[in-house]
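Thanks, everyone. I'll keep this short. Have a look at the model on the screen.

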Amino acid sequence: MLKELGQIVRTLIPSIVTPPKQTSQAYRETVHTTSRTTPPQRTTEQAREEEDTPKVFPLLRLARGLGLQLDMENQRICREHLSAPFTYHFDSIDNLTHQEREAATANLLAARFILDQQLVEWTPELERLPINQTPAYQKKDVPSSYGERLPRLVPTSTREQLEHNLKAQGKTLLHEPFSAHFDIIFALEVGKYFHIMTVEDAKLCNLDRERIIADARYMLFYQSYKIKPTKETHPWGKARHYITTEGLGATRAILLPDFDINASREDGFAAIVSRDYLLAVEPNSPEDRDAAKQWCINTAQEAQLQERYPHQFTLIGLSIDDAIADIEDNS
C-alpha cells in the first residue's frame, strides 16, 4: 500500500506557477517618494538576537488557542458551561518552559476532547454523509466516500485521560498506538466540536475498526498532499519544515515514509517537534546521513523552545524498504 500511496503523491501534486507581480503607478510613486526615509535594516546580529529571545507563553494563551478558558481558583479547564480538572501542577502560569508547555499541551488537548465529546451533537448518519447537506455542483464539493473523520496524533497521556473519561461513561476509546509517546485517535469535526470515535459508536455506524482506521488515513493523505514545506539546502542535503496551523502538523508523521518520498528514498529522518511542526531531512548520500541526523536532532530541539504546543521530541528513521519489510512481516 505504501508503494501505491507514493505513486499517488507523485501524480497528484500539481505544478504551481507563480504569476509575475504587477504594481500600480501610484504604488511605484509612493515607493519612490518614501525610499529616502526608509528606516535602516536590522543587522544580522540584531536578527539573531531576536530569534534567540525566548517567546513568552502564558498558560492562558495556550488554553485560548485551543478554544478553552481557565478557572485557576478551582484548577479547572472550561469550555462553555462544562469543565475538566487540571492534571498537572504549574509553578508559574505566566511564562511556561517548553517542558511545562509540553505537559500543558497534553492536558489541554485531553480537556478539549473530553468536553467536546459532551457538547457535540453527533449521530451515526454523519459518518458517511456531508454535514452540510446541500447539493454539490462542483466535483470538489462531492462528499468523500471515506467520510470526514481524521486521525489525530496525541500524547499518550492525552489518550489515557480521554480513555479514562470515556470508560466512566461505559464507552471504549477506539485508538491505535504509534510510538512510546504517542497514540492515534479518530476525530470528526461537527461544527465547532470534535467527536471522538468509540468502539460503541463504531458499532452504531456499522463500521469495523479496520475500515475506520483505513478511511481516516486516506482522508489525511488527500488532505495533506498539497502541503508545501519551507525548504533549506545544506552541505549534507536538504531539509523540509512542514508547519501548519490546523493541528495536524505532527499527525502527518503517520503518513511516513510516503509523506516525504524523497527523504525516504535517501534513508533520511523526520522529527516530531510540536503539534503543528514536522521536520524532515534528506541526506545527499549514505556518507551524509549522520550529519543530516544530527542537524535534524539539534534543529528540532531548538525549535521546541519557541513552539506554543511542543510535543515529546521523537526522531523517526525513514526508509521505504524497511517500512515495506515491516508490513510484510506483520501480514
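**The fold and its cores**

Of the 331 residues in this chain, 45% count as buried. Keep in mind that this is a predicted model. The chain has eleven helices and twelve strands. Now the contacts. Take those between residues at least 6 apart in sequence: 72% of them join residues at least 24 apart. As for the surface, the chain exposes about 19000 Å². Carbon and sulfur atoms supply 50% of that area.

Next, the inside. In soluble globular proteins, nonpolar side chains tend to be buried together. Here, the largest nonpolar core has 67 residues. Which of them touch the most other members? They are Leu59, Leu108, Phe113, Leu162, Phe186, Ile196 and Ile272. Helix H5, residues 98-119, gives this core its largest share, eight residues.

Stay with isoleucine 272 for a moment. Leave out residues up to four places away in sequence. Its partners then include Leu153, Phe178, Phe182, Ala250 and Ala253.

On to the rings. How many aromatic pairs does the structure hold? Four. I'll show two. One is phenylalanine 221 with tyrosine 222: the ring centres are 5.2 Å apart and the planes sit at 75 degrees. Over 60 degrees counts as edge-to-face, so that is what we call this pair. Phenylalanine 221 is buried, at 6% relative accessible area. Tyrosine 222 is partly exposed, at 32%.

The other pair is tyrosine 242 with phenylalanine 259. Their centres are 4.8 Å apart, with planes at 50 degrees, so the pair is tilted. Tyrosine 242 lies in strand E9, residues 237-243. Phenylalanine 259 is in the loop between E9 and helix H9, residues 261-265. The pair therefore ties together parts 17 residues apart in sequence. Are these two residues buried or exposed? Both are buried.

Last stop, aspartate 71. It lies in strand E1, residues 69-71. Aspartate 71 is partly exposed, with a relative accessible area of 25%. Beyond its neighbours within four places in sequence, aspartate 71 contacts Arg76 and Cys78. Proline 85 is 14 residues from aspartate 71 along the chain, and their C-alpha atoms are separated by 9.5 Å.

Methods:
Residues numbered from 1 in each chain as written. Predicted model: local features only at pLDDT ≥ 70, side-chain atom pairs only at ≥ 80, totals over all residues. Heavy atoms only, no water. Helix = DSSP H or I, 4+ residues; strand = E, 2+ residues; numbered from the N terminus. Buried < 20%, exposed > 50% of the residue type's maximum accessible area, 1.4 Å probe, protein only. Contact = heavy atoms within 4.5 Å. Areas by Shrake-Rupley, 256 points an atom, 1.4 Å probe, with all protein chains shown as cover. Phe/Tyr/Trp six-rings, centres within 6.5 Å; stacked < 30°, edge-to-face > 60°. Core = buried A, V, L, I, M, F, W, Y, C linked by side-chain atoms within 4.5 Å.
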